[in-house]
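Biologist: Before we go through this model, I would like each label to be set against its cut-off. Please show me the structure and begin with the terms.

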Amino acid sequence: MHYVNVENLTKSFVEKPLFTNITFNIEEGDKIALVAKNGAGKTTLLNILAGKDVADEGKVWINKDVSVSFLDQNPQFQEDKTVLENILSYNHPVINTVREYELALNHHDDDEINRLMGRMDELNAWNFESTVKEILTSLNITDLEQKAGSMSGGQRKRLSLAKVLIDISFGDRHNFLVLDEPTNHLDFEMIEWLAEFLSSPKTTLLLVTHDRFFLNNVCNEIIEIDNQQVYLHKGDFESYLTRKLEREESESASIDKARNLYRKELAWMRKQPKARTTKSKSRQDAFYEVEDKANSKKADDKLELHVKMSRLGGKILELKKVNKKYGEKVILKGFDYTFKRGERIGIIGRNGVGKSTFLNIILDLEKADSGKINTGETVVFGYFSQKGLEVKEDKRVIEFVKDIAEHFPLADGTKVSAGKFLELFQFTPDQQYTYLSKLSGGEKKRLQLLSILFANPNFLILDEPTNDLDLITLAILEDFLESYQGCIIIVSHDRYFMDKLVDHMFVFEGEGVVNDFPGNYSEWRRAKDKNKKLNPGTSMTADATSAKAEPLAAQPTKPKQKLSFKEKFEFEALEKDIPALEKEKSELNYKINHGNEPYEVLNKMITRLGDVTLLLETKEVRWLELSEFAQG
């Protein structure tokens with residue numbers, strides 16, 4: 001089935017041409033990755049296909065039977081509504097029917113319940129609850145009562161992704177997914193689950209991603225925007241790189257040939273009189289075509305920097321018996337490690353286990369509860385944070401860099417100007433006079449990295465550095481880091497990036513447990529899989545997809561009161577909360593009766609025991625209320 005046709009599409013942004021007269025088609029089952037440099041128009045093209053933007057020229061045709069589901073970089077929600085209310089706010093036939101059915105149950109309207117049960121059968125909507133639960137659980141969305149306005153950036157992105165996946169999971173509609181960086185803010189298990197979810201032969205999608213493993217596992221075609229034109233590549237990322245290199249070599253040879261011819265024709269043009277014959281007029285027209293070709297740019301050279309790194313002494317960084325927790329949540333428990341020269345450490349773990357907190361403790365941005373952190377006097381940290389580029393006022397790119405330094409020292413004793421340094425990071429002389437507010441997300445990330453390197457750090461701490469970077473810039477960054485002589489700590493969900501750069505990994509297991517694994521991500525994953533086979537039922541880390549919902553039980557022939565969708569989530573949460581509270585109550589009783597704690601600590605424990613007892617009683621009463629219908 002023919003889904004989408006893009007014909008002669010042209011778009012510019014603030015007088016900067018993004019793409020010109022591009023044409024391509026999308027058929028049912030196509031899984032396409034859109035690849036281009038930052039600022040080349042990837043997100044703009046996705047917005048046009050999703051109806052969020054319009055082209056300057058050209059046409060976009062989408063089959064009338066196709067529904068477009070769009071994952072935006074900046075999702076919008078009803079901020080005063082809960083997570084669940086935002087999920088159920090879609091104008092979708094299945095969701096509308098489930099919502100009406102829930103309302104009829106609450107009002108005990110038997111006639112309406114009977115009618116809607118038939119409608120639920122028609123739409124195959126009885127699996128709605130189990131499918132939604134699988135999606136939410138897999139994306140670690142558990143607090144359905146949280147207001148959207150209080151969610152973090154990562155939570156908002158995961159909720160937006162969940163809404164898109166729920167939208168395409170029901171009915172017989174033909175769905176076209178447009179996904180802008182779907183793996184941002186997902187941990188490894190979530191990314192692997194998402195790749196499997198999207199692997200259905202009928203799933204049709206166009207996505208932008210920096211995750212090359214994800215790209216290879218999901219996509220079967222690549223569309224590249226380069227120099228305002230599109231190039232189509234069938235196959236995986238490696239085959240695309242091979243063909244791209246062949247194309248660039250061919251274009252480079254063609255440009256060299258045109259430049260040689262241009263020099264000869266230019267000499268002829270200068271000799272010719274003003275009056276032209278028909279024959280010479282034809283040659284004159286051909287000259288301008290050769291001139292355009294000769295003035296074409298060759299493929300960009302790769303970034304090659306030999307940084308003059310600050311000298312690193314014998315003592316680098318030492319952490320002794322470091323403890324950190326927030327309330328009852330333990331981040332670090334007696335963490336010990338002494339960093340050595342040239343170490344490259346990757347950090348992995350579920351979202352929320354404390355990876356960023358660990359980095360902040362190292363950088364003295366947060367204080368540990370106890371323990372010692374000793375930093376060598378010669379250590380100069382370079383911190384690439386998830387917060388991105390922070391500026392007090394809007395400036396031009398070149399002004400921002402010159403405020404840091406006019407020149408950048410290299411390892412050989414020479415210096416490069418701020419402008420030349422910007423060119424090495426793919427900021428052309430024209431782009432250097434662009435205001436920071438006009439840069440794309442990826443361009444801001446590039447400028448952030450550049451500003452960090454200007455300080456000549458000898459210890460780089462990179463917190464999700466690959467988010468929003470294009471694949472070309474990623475390859476440049478990897479090449480630079482491979483030759484970097486200082487220490488590196490990387491927190492990243494980009495498996496390809498981690499495999500290429502780290503020597504060993506800190507695996508944050510949760511509850512303050514951090515394991516030091518001697519290898520990269522793929523080696524850790526193989527060890528984890530082997531451990532699962534040898535020891536069924538156990539894992540090196542908790543499996544994010546282990547709590548998938550069971551299919552809904554067979555529906556009754558007559559309407560009867562049952563738990564609503566929201567109440568089912570509440571009931572299952574209670575079954576987890578009550579045993580945990582009982583355990584805490586028992587432990588507190590034992591410590592109060594048998595311990596020798598100081599008065600202040602004992603008083604806090606007694607107060608906590610009262611709170612736990614009251615909470616436990618409340619939850620048990622609510623569990624009894626819900627259990628009557630859960631078992632009915």
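Modeller: Buried means under 20% relative accessible area, exposed means over 50%, and partly exposed lies in between, with a 1.4 Å probe and protein chains only. Helices (H or I, at least four residues) and strands (E, at least two) are DSSP runs numbered from the N terminus. The model is predicted, so local features need pLDDT of at least 70 and side-chain atom pairs count only at pLDDT 80 or more, while totals for chains, interfaces and linings use all residues. Residues are numbered from 1 along each chain as its sequence is written, and side-chain values use heavy atoms, with hydrogens and water left out.

Biologist: Why do strand 11 and strand 13 count as edges?

Modeller: The open sheet has 3 strands in the order 11-10-13, with antiparallel pairing. Strand 11 (329-339) and strand 13 (370-375) each have a single partner strand, so one side of each is left without a neighbour in the sheet. Neighbouring strands of this sheet are turned by 20° against each other on average, direction ignored; such axes are lines fitted to C-alpha atoms, for helices over the stretch in contact, and angles run from 0 to 180 degrees between N-to-C directions. Strand 10 (residues 317-326) is joined to strand 13 by 5 bridges, running antiparallel, and the bridge partner of Leu319 in strand 13 is Ile373.

Biologist: Why is Lys321 called exposed, and what is its phi?

Modeller: Lys321, found in strand 10, counts as exposed because its relative accessibility is 54%. Its phi is positive, about 50°, although Lys321 is not a glycine. Most residues other than glycine have a negative phi.

Biologist: What makes Glu511 exposed, and where does it lie?

Modeller: Glu511 has a relative accessible area of 57%, and therefore it is exposed. Glu511 lies in the loop between strand 19 and strand 20 (513-517), and its phi is also a positive value, near 55°.

Biologist: Why is the aromatic pair of Tyr521 and Trp524 called tilted?

Modeller: Rings of Phe, Tyr and Trp (its six-membered ring) pair if their centres lie within 6.5 Å, and planes under 30 degrees apart count as stacked, over 60 as edge-to-face and the rest as tilted. The structure holds 15 aromatic pairs. In the pair of Tyr521 and Trp524 the centres are 5.5 Å apart and the planes stand at 45°, so the pair is tilted. Both residues lie in helix 17 (residues 521-534), 3 residues apart, about one turn of the helix, and both are buried.

Biologist: How do you know that the charge of Arg446 sits over the ring of Phe427?

Modeller: A charge sits over a ring if NZ of Lys or CZ of Arg is within 6 Å of the ring centre and within 35 degrees of the ring normal. The charged end of Arg446 sits over the ring of Phe427, 4.8 Å from its centre.

Notes
Pairing = 2+ DSSP bridges.
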